[in-house]
Structure formats: structure tokens, C-alpha cells
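Please keep the structure in view while reading, and check each point against it.

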Amino acid sequence: MNSLPNHTKTSFPTKIVRGLFRKCAWCGGKGSFFTSWYSKAERCQTCGINWERGYEGFELGAATMGVFMTFGSIIIWMVASVIFGVPLVPLLLVAGVLAISVPILGYPLTYTVWFGVDLSIRPPSEQDLAEAQAWISAQKGA
Ligand SMILES: [Zn+2]
């Protein structure tokens, strides 16, 4: 897990699937940069890669992933409801529950999925990898 350059050939779908399971898109480490369900650390707790990597707009991408996940789940539910003939009141109640619960429960996934997209658009630089390696070394030394 610690040899960072070996992760450069990870495919885009693999990165997204890792993100959907709240794993690091780069190394597959469990929990990625989250220390609890809602608390983020600066770096992945397995490989040490910084999730922002100097890009302050990172959280805008994560928010966009949140919109996609929330609206996507509601659209899938509404299409399935129309196909299977679900009455209007239960249809709207479940859609309301999705509109509230998906953003709350899916919060860390918006970050880990966007991290996978961001890594594909903007692969880590040599400096990012060197900083991650230094962080790993510091963790071992501590
Ligand atoms: Zn990692």
C-alpha cells in the first residue's frame, strides 16, 4: 500500500467505485481521509496523499457530487415509482426522505467520489507524492 507510484494505473471506474465505498480513490485504503463518518483529516490515513492538493475549489466538486447523488436517487425512485405504479403520497414521502437522508448520510461519499474524479482529471504531481511519502515516513517514526 505504501509504494505510491504503483497507483497511477488505477482505472477511472475503479476510482469511482472506491469512492462509493468510502475508500481512498488513490490507494483503496479504508476510510480514505475520513477519521470518522463526518470528520476529515488533511491526508489519506493509508497512503498520505492530500485530498485538496493545493486546489481550494475541491469542495465545490464534492458539493456537485452531492447534488448528483441526491437528485440521481430521487430521479431513480420516481422513474421506478411510475413504472411500478406507486401511489402519489408514498412516492412523495419517499422522495422527501431521500432528499433529506442522501445528503446527510452520503456526505463523506461526495468527497471520496469527487476525489476519484479529481485524481483522473488532475493526477498527483511528483511533489504531491513526495509529500505523501514524507507523511508516511513521519507516521512510522512517530
Ligand atoms: Zn490513500
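1. Helix α4 is largely enclosed by the rest of the structure, because 11 of its 15 residues are buried; here a residue is called buried if 20 or more other C-beta atoms lie within 10 Å of its own, exposed if 12 or fewer, and partly exposed in between, with C-beta atoms placed from the backbone. Among the buried residues of α4 are P108, L109, Y111, W114 and F115, and the buried residues of this helix pack against α1 and α2. Its end C-alpha atoms are 22 Å apart, which agrees with the 21 Å that 15 residues should span at 1.5 Å a residue, where the expected span is 1.5 Å times one less than the number of residues.

2. Before going further, note that this is a predicted model, in which local features need pLDDT of at least 70 and side-chain atom pairs count only at pLDDT 80 or more, while totals for chains, interfaces and linings use all residues. Residues are numbered from 1 along each chain as its sequence is written.

3. The protein chain has five helices and zero strands, where helices (H or I, at least four residues) and strands (E, at least two) are DSSP runs, numbered from the N terminus. The C-alpha trace spans about 60 × 30 × 25 Å along its principal axes, and buried residues make up 25% of the 142 residues in the chain. Of the contacts between residues at least 6 apart in sequence, 62% join residues at least 24 apart; two residues are in contact if their C-beta atoms, placed from the backbone, lie within 7 Å.

4. The axes of α2 (residues 58-84) and α3 (residues 88-105) come within 9 Å and cross at roughly 160°. That makes α2 roughly antiparallel to α3, since angles over 145 degrees count as roughly antiparallel, under 35 as roughly parallel, 65 to 115 as roughly perpendicular and the rest as oblique. The contact involves residues including I74 and W77 of α2 and L91 and L98 of α3, and its residues divide into 11 nonpolar, four polar and no charged.

5. Two residues in the loop between α1 and α2 deserve a look, namely R22 and S32. R22 has a positive phi of about 60° although it is not a glycine, and S32 likewise has a positive phi, of about 50°. R22 is partly exposed, with 17 other C-beta atoms within 10 Å, whereas S32 counts as buried, with 31 C-beta neighbours inside 10 Å.

Conventions:
Axes are lines fitted to C-alpha atoms, for helices over the stretch in contact, and angles run from 0 to 180 degrees between N-to-C directions. Ala, Val, Leu, Ile, Met, Phe, Trp, Tyr, Cys and Pro count as nonpolar, Asp, Glu, Lys and Arg as charged, and the others, Gly among them, as polar.
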